[in-house]
There are 2 protein chains.
Amino acid sequence: MSVTAEPIARVVLALSKLPGIGPKSAQRLAYHLLQSADADIEELADSLRALKGSLTLCATCFNVTDKNPCMICADTQRDSSILCVIERPADIPPVERTGRFSGFYHVLHGALSPARGVGPEDLRIQELLPRVWNTGVREVILATNPTVEGEATAMYIRQVISPAGVRVSRLARGLPFGADIEYADDITLGQAFDSRQGFW
Amino acid sequence: MSVTAEPIARVVLALSKLPGIGPKSAQRLAYHLLQSADADIEELADSLRALKGSLTLCATCFNVTDKNPCMICADTQRDSSILCVIERPADIPPVERTGRFSGFYHVLHGALSPARGVGPEDLRIQELLPRVWNTGVREVILATNPTVEGEATAMYIRQVISPAGVRVSRLARGLPFGADIEYADDITLGQAFDSRQGFW
C-alpha cells in the first residue's frame with residue numbers, strides 16, 4: 001500500500017511518463033509543486049492544455065507553429081539560398097542557439113528506418129523536392145542525426161536531390177567540446193582523425 | 001526574437017520554473033509533450049489542477065494528506081512505540097522505501113534557521129511534545145537533514161524532549177553507498193572514521 005496521498009500520487013504518475021523523469025524525480029517535483037504558488041500551478045496546467053489546440057504544421061517547412069507560414073518562414077531577413085533539413089521540430093532551437101545558421105529549415109518528421117517500417121513516403125521528403133528545385137536554394141545542409149537512421153536518411157535525400165545540382169553538405173563529425181580522448185568511442189575518434197583539419 | 005511558437009514557449013517557461021529543469025530540458029519536455037497523446041497531456045494538466053484542492057495537513061503528524069488522520073497515522077499495523085521526526089512531507093517516501101522503519105512520523109515543516117528567521121514557533125515542535133509525553137513512545141528518531149540547520153533543529157528538539165525520558169536517536173552519518181574515498185568530502189570522511197564499526 002502506498003503511503004502517498006492520491007492527488008500527489010496522480011501527479012507523480014503523470015510526471016513520470018515524461019522522458020528523463022523517473023519515479024523519484026517525479027516525486028520530488030510533485031512535492032515541490034505542493035509548495036508552489038497556486039498561480040504557478042495554474043499557469044503550468046493552462047499552458048499544457050493550450051499546447052496543442054492552436055498548433056499546426058507550417059505548410060512550407062513543416063515546423064510546429066501557431067501561424068502559417070511559421071515565424072521562420074515568414075522572416076524576410078533570413079538567407080533563402082540555404083536550406084537545413086532536420087528530423088524533428090525540436091532540432092530547430094538548438095541550431096538557432098548556435099547563431100551559425102540563418103537560412104530556412106525543412107522538417108522531415110522522422111528518419112528512414114526499415115526496422116520500424118518508416119519509408120520515404122512517411123517523411124516530408126516529397127515536399128522537400130520543389131523547395132530545392134523551384135527556389136533560389138544553392139546549398140542543402142542535411143542535418144539529420146549522426147545515427148544509422150540519420151545517415152541513411154541523408155544518403156537517400158542526397159540521391160533524390162542530386163539532379164537539382166545544388167551543393168549538399170552534412171554537419172561535421174568529430175570529438176565534442178570538452179571530450180576526453182581517453183574515453184572517446186572508437187567511431188567518433190576515427191571520424192575525428194578522418195576529418196582532421198589544418199592547424200598551423 | 002524567439003523562433004518558438006508561443007504555446008510551446010509558454011509550456012517551456014512554466015516547466016523551467018520547476019527545480020532541476022533548466023531551459024533546455026524544459027524545451028525537450030515541451031516538444032515531447034507535443035507528440036504525446038492528448039489524453040496524457042489532459043491527465044497531467046488535470047492532476048496538477050487537482051493537486052492542492054483536496055489536500056490538507058494530518059492533524060496528528062502534519063503530513064500532507066487527503067484524509068484525516070493520514071494513511072500512515074490511521075494504520076494500526078504500525079509500531080506506535082517509535083516516532084520519526086522529519087523536516088518535510090517529501091522525506092516520508094524515501095524513508096518508507098528503505099523498508100527499515102514501521103513507526104509513525106512527525107513532520108516539522110522546516111528546520112531552525114536564525115539566518116532565515118525560522119524559530120521553534122515556526123515549526124511543528126509544540127505539537128510534537130504531547131506525542132512524546134502522552135503516548136507509548138519509547139524512541140524518537142530525529143531524522144532531520146545532516147546539515148547545519150538540520151543538526152541545530154535536532155539538538156533543540158533533543159533538549160526540549162529530554163525530560164520525557166524516551167530514547168532519542170539520530171540517523172547514522174558516514175560514506176554513502178558507492179562513494180569513492182578519494183573524492184569524499186572531509187566532513188563525511190571524518191564522520192565515517194568517528195563512527196567506524198567493528199568488522200571481523
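Helices α3(A) and α1(B) cross in the left-handed sense (the near helix is turned anticlockwise from the far one by less than a right angle). This is a predicted model: local features need pLDDT of at least 70, side-chain atom pairs count only at pLDDT 80 or more, and totals for chains, interfaces and linings use all residues. Residues are numbered from 1 along each chain as its sequence is written, chains are lettered from A and ligands numbered from 1 in the order in which they are written, and side-chain values use heavy atoms, without hydrogens and water.

**Helix pair between chains**
- Helix α3 (residues 38-53) of chain A packs on helix α1 (residues 6-15) of chain B at about 150°, with axes 9 Å apart.
- That makes α3(A) roughly antiparallel to α1(B) (angles over 145 degrees, on a scale from 0 to 180 degrees between N-to-C directions).
- The contact (heavy atoms within 4.5 Å) includes A:L44, A:L48 and A:L51 from α3(A), and B:I8, B:V11 and B:L15 from α1(B).
- By class, this contact has nine nonpolar, one polar and three charged residues.

**Sheet in chain A**
- Four strands form an open sheet in the order β4-β3-β5-β6, with parallel pairing (at least two DSSP bridges between two strands).
- β4 (104-107) and β6 (167-170) of chain A are the edge strands, each with a single partner, so one side of each has no neighbour in the sheet.
- Neighbouring strands are turned by 25° against each other on average, direction ignored.
- Strand β3 (residues 82-86) of chain A pairs with β4(A) over four bridges, in the parallel sense.
- A:I86 has A:V107 of β4(A) as its bridge partner.

**Helix across the sheet**
- Helix α6 (residues 148-161) of chain A lies across β3, β5 (139-142) and β6 of chain A.
- α6 runs at about 175° to β6(A).

Notes:
Helices (H or I, at least four residues) and strands (E, at least two) are DSSP runs, numbered from the N terminus. Angles under 35 degrees count as roughly parallel, over 145 as roughly antiparallel, 65 to 115 as roughly perpendicular and the rest as oblique. Ala, Val, Leu, Ile, Met, Phe, Trp, Tyr, Cys and Pro count as nonpolar, Asp, Glu, Lys and Arg as charged, and the others, Gly among them, as polar.
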